[in-house]
Amino acid sequence: MALGRARSRGAAGGGERARLLPQASRLVELPCSSSSSSDDDDGSDGDMDLPASQLDPAVSCSIPPAPSAFSQCVRHLAFLWNLLFLLLGLLALALGVWGLLAKGSLAGARLAPLGSDPMLLVVLAGLAASAVSLAGCLGSLRSSPCLLRFFVGAVLAFAALEVLAALLVLAARHRLRDAVRDALLLCLLRYQDEPDLRFLVDEVQRSLRCCGLGSYRDWEANQYFNCSAPGAQACSVPASCCLDPWQNGSVVNALCAAGALRLGDAAAGTVVYTGGCVAQLSTWLRGQAGAIGAGAAVLVLVEAVGVLMALKMLRDITARG
């Protein structure tokens, strides 16, 4: 009889432990908000009697893992990375706006139309770089998935446009040479009318030591340098064509090439550069192919680093969420 009662008490104790185990497991998995509400109840256990298998694991108490040191480093580095390009973009934007204001394009002065002004490209490039970099800064600072996704998408779009432009240049390199020649001819014809074109032509001729497109005589097509034109510049070429454009070693002599178009090729060669700029430009581009390729590789690397850091932060945010 005693042995039977002991067995009965053992069986009852085991049943009690079996009944309490699911409730103990539920106490661990209860949502954080339910612990406070259960204290306000009138003593009823409510859904405490539900089995643990019916509880929603999505609402169970869980503490998000703390970001690792590497994740924190990536976050701060991404912020500084985008801050640098934000400052560069704002600088380009300021220079572009200053150039437009200085030339009076925004005020409606009689210069190049605003839509065709080269400084407008600088403004647009600075604005785009500033907007994308600002999104990267705020996204890394606030851990915002929306801003980080926008940053990644914008950088990938820029990279796609760059690749497309490179493929077009390679596929149409012969037509590109004709397009460059036409652009240089337009610059030559409008040399005196637009300060931007005049500055560009002077820099090209001075740097490459050339004059005109095919030769210095191409300047006869310009209405101000043609021999039938009135004024002191008739039958001459720009001062950037001169072998020695300096007067007294410090001041540019604007009339150093006066009458050069009246001279023969041999005599003109002692005063101005007689070779054209198209051939010189082609030679220079072939010599700079390595530097151009290195610059393109650096640009792609910079964009790739920014995208990888943004993707790492997005993965950390998803893991914590």
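Trainee: What makes Phe85 partly exposed?
Mentor: Phe85 has a relative accessible area of 29%. Buried means under 20% relative accessible area, exposed over 50%, and partly exposed in between (1.4 Å probe, protein chains only), so Phe85 is partly exposed. A word on the basis: this is a predicted model, where local features need pLDDT of at least 70, side-chain atom pairs count only at pLDDT 80 or more, and totals for chains, interfaces and linings use all residues. Residues are numbered from 1 along each chain as its sequence is written, and side-chain values use heavy atoms, leaving out hydrogens and water.

Trainee: How many aromatic pairs does a search of the whole structure find?
Mentor: Four. In one of them, Trp81 and Phe85 have ring centres 5.9 Å apart and planes at 50°.

Trainee: Why is the pair of Trp81 and Phe85 called tilted?
Mentor: Rings of Phe, Tyr and Trp (its six-membered ring) pair if their centres lie within 6.5 Å; planes under 30 degrees apart count as stacked, over 60 as edge-to-face and the rest as tilted. With planes at 50°, the pair is therefore tilted.

Trainee: What makes the pair of Tyr191 and Phe225 tilted?
Mentor: Their planes are at 55°, so that pair is tilted, with ring centres 6.0 Å apart. Tyr191 and Phe225 are 34 residues apart and link distant parts of the chain.

Trainee: How do you know that Phe225 is buried?
Mentor: Its relative accessibility is 2%, so Phe225 counts as buried. Tyr191, with a relative accessible area of 6%, is buried too.

Definitions and conventions:
Helices (H or I, at least four residues) and strands (E, at least two) are DSSP runs, numbered from the N terminus.
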